[in-house]
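Reader: I'm new to this one. Can you put it up and walk me through it?

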Amino acid sequence: MNRAFNRKKDKSWMHTPDALAKHYIPYNAKFLGNTEVDQPKGTEIVKEAVRKLKFQRHIKKSEGQKTQKVELQISIYGVKILDPKTKDVQYNCQLHRISFCADDKTDKRIFTFICKDSESNKHLCYVFDSEKCAEEVTLTIGQAFDLAYKKFLESGGKDVETRKQIGTLQKRIQELETENSGLKKQLWELEEQLMIAPVPPAGSISLKPPMSTDVFDMVPFSAVTPLVPIPASNGTPPPPTTTSPTDMSKDLFGAEPFDPFTCGQADFPPDIQSRLDEMQEGFKMGLTLEATVFSLEPLGGRC
């Protein structure tokens, strides 16, 4: 989609971007409840959910139970559903999980949205009675979604796939560095064994075991410590060798360990990366705003 949402209402946004980015827009409503649906979008899907929850509320009302009052706080961070007195958060619906939002164009009170639950990954339809401001609430959610999507793109959402590949590369580099450290440790142990080998007494003949060689008949090379000089056949000691101390921060080939995140990229742990992937998929699906008719079968007045 070319836009973050499909908007079937020819309406302009009602709030300033700062009001939704730095603060939130509050609304008071009655909460009819939520129910599981099998699709993330669809007018018929929400119609059936509204009909079901209206019927349940009608039964509870006949038993003397009142409809729960809630406060909605809408911002670019999501739609919070709170207790209006205690301010306890009952539900926190993130915008990238909201896929469908609709209001009743005849009743002007009922509005609903479908949100994917963060724990069960099931699609839940939330239904509210908003005292004749249903259209305003749906437009506010649509504006918040639009701003959140733009903010996600500006903050690097376009590069989620690239960062995922970089994360895989970094993991492989760490594995190679670990393997390199193990090889260095083995080289150290071999050098120490050579250094403490017993020296036979003068005039004695000892059979020196041949030094181990590699597949090319070459003596193993150690980049960690210099090889022990072997005396010349005429007894003249070899010239002293000048070696610089080895930098342990370098790898087997003398190169500095590579870190792909030193170029300004952020290092995202696996849990953060999975959230970025989820947000990318949610925003890619988009939010559909729609005006429809829910009150096809009235159930005796207000809920």
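Author: A term to begin with: two strands pair if DSSP finds at least two bridges between them. Helices (H or I, at least four residues) and strands (E, at least two) are DSSP runs, numbered from the N terminus. The model is predicted, so local features need pLDDT of at least 70 and side-chain atom pairs pLDDT 80 or more, while totals for chains, interfaces and linings use all residues. Residues are numbered from 1 along each chain as its sequence is written, and side-chain values use heavy atoms, leaving out hydrogens and water.

Reader: OK. What stands opposite Lys30 in strand 3?

Author: Lys69 does. Strand 2 (residues 25-37) and strand 3 (residues 68-75) run antiparallel over 7 bridges.

Reader: And how many bridges are there between strand 2 and strand 8?

Author: There are 7, again antiparallel, with strand 8 covering residues 123-129. In that pairing Phe31 stands opposite Phe128.

Reader: New topic. Which residues touch the most other members of the largest nonpolar core?

Author: Leu72, Val79, Phe113, Tyr126, Phe128 and Ile141, out of 36 residues. A nonpolar core is a set of buried Ala, Val, Leu, Ile, Met, Phe, Trp, Tyr and Cys residues joined through side-chain atoms within 4.5 Å. Buried means under 20% relative accessible area, with a 1.4 Å probe and protein chains only. Helix 3 (residues 134-154) gives the most to this core, 9 residues.

Reader: Where is Ile114, and is it buried or exposed?

Author: Ile114 is in strand 7 (residues 110-116). It counts as buried because its relative accessible area is 0%.

Key
Buried means under 20% relative accessible area, exposed over 50%, partly exposed in between (1.4 Å probe, protein chains only).
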